[in-house]
Amino acid sequence: MDLELGKSSDTSKKDSWKTALLLAYQSLGVVYGDLSTSPLYVYKSTFAEDIQHSETNEEIYGVLSFVFWTLTLVPLFKYVFVVLRADDNGEGGTFALYSLICRHNKVSLLPNRQVADEALSTYKLEHHPEKRSSSGVKLYLEKHKLLHTALLILVLLGTCMVIGDGVLTPAISVFSAVSGLELSMSKEHHQYAVIPITCFILVCLFALQHYGTHRVGFFFAPIVLTWLLCISSLGLYNIIHWNPHVYQALSPYYMFKFLKKTRKGGWMSLGGILLCITGSEAMFADLGHFSYSAIQTAFTFLVFPALILAYMGQAAYLSQHHHTSYQISFYVSVPESVRWPVLIIAILASVVGSQAIISGTFSIINQSQSLSCFPRVKVIHTSDKIHGQIYIPEINWVLMILCIAVTIGFRDTKHMGNASGLAVMTVMLVTTCLTSLVIILCWHKPAIVALLFLLFFGSIELLYFSASLTKFTEGAWLPILLALFLMTIMFVWHYATMKKYEFDLHNKVSLEWLLALGPSLGIARVPGIGLVFTDLTFGIPANFSRFVTNLPAFHRVLVFVCVKSVPVPFVPPAERYLVGRVGPAAHRSYRCIVRYGYRDVHQDVDSFESELVSKLADFIHYDWHRSQHGPFAEDDIVSHSNESTSECRLAVIGTVAFPGTPAYEIEQSVQPASVSIGFSTVESVTDVIELEPVLAVERRVRFAIDDDSESDVRTEMELQLREELQDLLEAQEAGTAFILGHSHVRAKQGSSVLKRLAINFGYNFLRRNCRGPDVALKVPPVSLLEVGMVYVV
């Protein structure tokens, strides 16, 4: 028996290693495309202006030493050994760190938060905080609202710089790869060939985005692997052939010697050296697509050694060839016999690296939109099988135009490198700050550990950041300008969205008002389902009262729908819908809260209407079963409201089936599913009941009202259940209307000039020129009812 157990454990270990190695191989094409192409332009950018390559070789050895230790300390020590562990349910990136901090501390600026959100299976927390180590920092952060805004601004700054990097990385990568033609052409021909070829490749790259990366993704890993083997082989050849003793330059002594000789020029040249770590952030941002062990294995055992060999090989060649600074480039160290094959592989690798950053830009804009920090854009899911592969048409074409403008405007690696370096270093500084907060607030380590992490890595990055800022007039102004522009848009949108939510909260209508509406007041109930969309999780929204005031009728079945984001990466489909009654059962009014994570794509159901109706049917059956057979075991642990007029309990509805006679039939296959536990909610929504693990179905529900019952005597409750399901069926057949608010926001009198500019002009301009909520929800135009609302905030 022990032998069999030993064999099975050995087999599972082998399988896990095989899986990790396969993921490590696949990560090459997605994660390391940008980082692996940095040897194309690091030395050329470093020696562009501030320092000169001399006969003593002190400059080239010093630069090699800086490159080695920068690659060792930042990507290897900081990211691989520390930052990658700060994952959010396996997800990485700036928003993952912010989400972790928000879940452990009350610093989120998201509206409509509920205690019920903490019952999500993906809403997992670390161990409880130790009072001595973190309570002081935690309380101070939660107490000062200004710090909440400052934290959000820090996250937005990192997000804007990632988007800026999405503009600069494709331009500098493709341009540097194509610039290898300069050694095969005359200067006159080269000048007129590189820019058009680069622009043509960029146009093709962006034009193919709508097909999705999954169609050509299987080519990415072999291309990057071939490129890494190519540059490491060239590096070994140059080391052996030109300078076998170049390894001595890896000593930190050469860094100090370099700075002592070059002084200010050497410090300013750090703006070129830092380009050796461009793409390191992708290891963390793309963590959700792979695993910690896969990314760690790929970098430690393949990418890192290949890059070091490539940089050492270039340094070995340059130490024996003292050319002018114009001739220092990657291709001069490539033997002429293999220069054309290397050029082709380099172009392909730069395209792969560019593709990764473009996909990352789409992903982070989708996350920003989920957190109400970016105007609504159309998000298209390009793959049915691979979650997270998305395409945003508006952003794609804006990126393409900006990339081409950067290529034509700068026309050289120096200015592009200065701009890219500042963007990359800003993102890394933001990651360092947020990780230090995670160490103390989420991992509950002593404050001294977080402080040491911040000081050590922050000082290294600040050194490079300061060197980048000195190149402000030589290209570094571009990411700063882009970040200011994007941050203004994002902050104005977020600010106005929060003000709108506060207005809705203060102007909501009481439940008694809704229940009083009837024929006596001249209000008619018309056939069909009315879906009233609101940001409120309780109460009756003001836009519905305005709708009824102007059109004295509403639908026989009324559903108040709140589509909200929660600070988790994904919400399992079985836990997405919270459903409850609004008023008594005879009123046929319900509330449905649809929850999404910041990495979820909202258009992941074929028909939102049919999905919602199936959840209502499940809830009606659950509520009838609970009323007839008594509460479930979980009901005993939740509190009940003393307010008799409050809304009824909300149930977390996956797709359920109960024992006994079915009230409706399921069209598609049945398969096991599980749901989590119950928590009480906030405000007037009293409690949340989640069901035991039961049967789950895929999509649509076809109601079948059985006329022939096995029992001749039906209870009153059973008749009410059949009647309610019959009403729901008839309402669905009559049609569904989507009632959305069409808002105009205006700053109230006495507001500051800045607020009036932001609200009256900025927000309203963005609202008029971005996608409406009906696009995000895939509302059929024929079913759309828009209610005009003026928000005075």
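Trainee: Which residues touch the most other members of the largest nonpolar core?
Mentor: Tyr32, Tyr43, Leu64, Leu71, Phe299, Tyr311 and Phe330, out of 162 residues in that core. A nonpolar core here is a set of buried Ala, Val, Leu, Ile, Met, Phe, Trp, Tyr and Cys residues joined through side-chain atoms within 4.5 Å. Buried is under 20% relative accessible area, exposed over 50%, and partly exposed in between, with a 1.4 Å probe and protein chains only. This is a predicted model, where local features need pLDDT of at least 70 and side-chain atom pairs pLDDT 80 or more, while totals for chains, interfaces and linings use all residues. Residues are numbered from 1 along each chain as its sequence is written, and side-chain values use heavy atoms, without hydrogens and water.
Trainee: What does Tyr311 touch?
Mentor: Leaving out residues up to four places away in sequence, Tyr311 contacts Ser38, Pro39, Val42, Tyr43, Leu64, Val67, Leu71 and Cys276 (contact: heavy atoms within 4.5 Å). A second, separate core has 31 residues, among them Phe533, Ala651, Leu740 and Val779.
Trainee: New topic. How many disulfides are there?
Mentor: 0, taking a disulfide as two cysteine sulfur atoms within 2.5 Å. For Cys199, the nearest cysteine sulfur belongs to Cys403, 9.8 Å away.
Trainee: Is Cys199 buried or exposed?
Mentor: Buried, at 13% relative accessible area.
Trainee: And helix 10, which of its residues are buried?
Mentor: Tyr254, Met255, Phe258 and Thr262, within residues 253–262. Helices are DSSP runs (H or I, at least four residues), numbered from the N terminus. Those buried residues lie within an arc of 105 degrees, so they line one face; the arc uses directions from the helix axis to the C-beta atoms.
Trainee: What do they pack against?
Mentor: Helix 4 (58–80) and helix 11 (264–268).

Definitions and conventions
Helices (H or I, at least four residues) and strands (E, at least two) are DSSP runs, numbered from the N terminus.
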